[in-house]
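Hello,

Here is the structure you asked about.

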Amino acid sequence: MLSRRKLIQSIGLAAAGFATADRESKASQMPGRPAAAESGQNPASPSSIMAIAAHPGDAFFSMGLPVALQTHLGARGALLSLTAGEKGSRTVAPPDYGRQQRAAGERAAEMLAATAVTLDYPDGELPHSDDVKLAICDLIRKHRPDVIVTHWSGSWHKDHRASHEIVLDAVFYAALPALARKDSAHSVRKVLFADNWEDATGFSGDTYLDVSPVFDHWTEACAVFPMWRGETGFRYRDYYTSLAIARGCLGGFNRAVALICQPEQLMRKLTAL
Ligand SMILES: [Zn+2]
């Protein structure tokens with residue numbers, strides 16, 4: 001009987017790093033949309049990556065491993081938090097906690113050889129507006145990532161649900177040449193949705209990424225955040241380290257993250273079976 005692990009490997013959904021697709025795939029891309037499918041078999045270089053999250057904890061704990069892997073492979077990496085998550089502490093006042101979160105994000109990103117960007121939108125009140133979409137569009141055009149990792153849609157958290165939709169629209173705006181901004185248009189090749197304890201509704205990973213080489217280093221970077229140790233009530237360290245082990249069991253790696261591709265990116269074009 002074909003095991004789930006063998007099935008994942010046999011249909012090519014297990015991955016050991018993202019890599020730039022070939023030119024043919026890019027040329028057939030619709031304006032404003034990520035590429036339809038991977039067709040490059042022998043990628044030339046690792047893909048640059050940007051995590052875009054509602055809060056720094058999401059960026060580093062839920063989306064940080066793919067970023068750590070890509071920078072380890074030599075690509076550029078950025079972790080964008082739309083808010084500082086300043087209302088996340090029961091004991092520290094929001095202005096102070098926001099400063100701590102920003103400082104922790106900068107330090108953790110530096111440890112991962114990535115760039116941290118934290119915007120000023122209010123935690124818990126992330127506006128679902130064109131202003132936010134265009135601000136992210138500008139950052140996508142500035143950092144020019146090949147791959148974006150962001151929130152899955154099935155979340156109980158309003159900022160996370162808003163981020164999911166905002167980011168998809170920002171990717172669309174970033175790729176539109178006719179939309180004049182400071183930097184020129186940029187097409188993101190792949191958008192992936194991350195495994196997050198708060199975004200678990202309907203989450204069923206279709207891509208397993210081998211993050212074994214960077215797992216230990218990533219845990220050291222996450223430990224910069226007090227919330228990683230459970231100080232805000234949820235056991236982030238236990239959850240996300242266990243999750244990487246569990247996903248590794250399913251994906252056939254020592255440590256892994258599960259991701260969801262946009263449906264059109266999973267499309268395969270064959271001339272014979
Ligand atoms: Zn969050």
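Predicted model: local features only at pLDDT ≥ 70, side-chain atom pairs only at ≥ 80, totals over all residues.

**Helix H9**

H9 covers residues 236-251, 16 residues in total. At 1.5 Å a residue, H9 should span 22 Å.

Which residues of H9 are buried? They are Tyr236, Tyr240, Leu243, Ala244, Arg247, Gly248 and Gly251. Looking down the axis of H9, these buried residues fall within an arc of 135°, so they line one face of the helix. The face turned away from that buried side carries exposed residues: Asp238, Ser242 and Ile245.

Just after H9 comes glycine 252, with a positive phi of about 85°.

**Leucine 168**

Leucine 168 sits in helix H7, residues 158-175. Is it buried, exposed or partly exposed? Leucine 168 has 17 other C-beta atoms within 10 Å. Buried takes 20 or more, and exposed takes 12 or fewer. Leucine 168 therefore counts as partly exposed. Valine 191 is 23 residues away from leucine 168 in sequence. In space, their C-alpha atoms are 8.3 Å apart.

**Proline 263**

Proline 263 lies in the segment after strand E8, which runs 256-261. Proline 263 counts as exposed, because it has 8 C-beta neighbours inside 10 Å. Along the chain, proline 263 and aspartate 206 are 57 residues apart. Their C-alpha atoms are separated by 9.9 Å.

Best wishes

Key: Residues numbered from 1 in each chain as written. Helix = DSSP H or I, 4+ residues; strand = E, 2+ residues; numbered from the N terminus. Expected span 1.5 Å × (residues − 1). Arc of directions from axis to C-beta.
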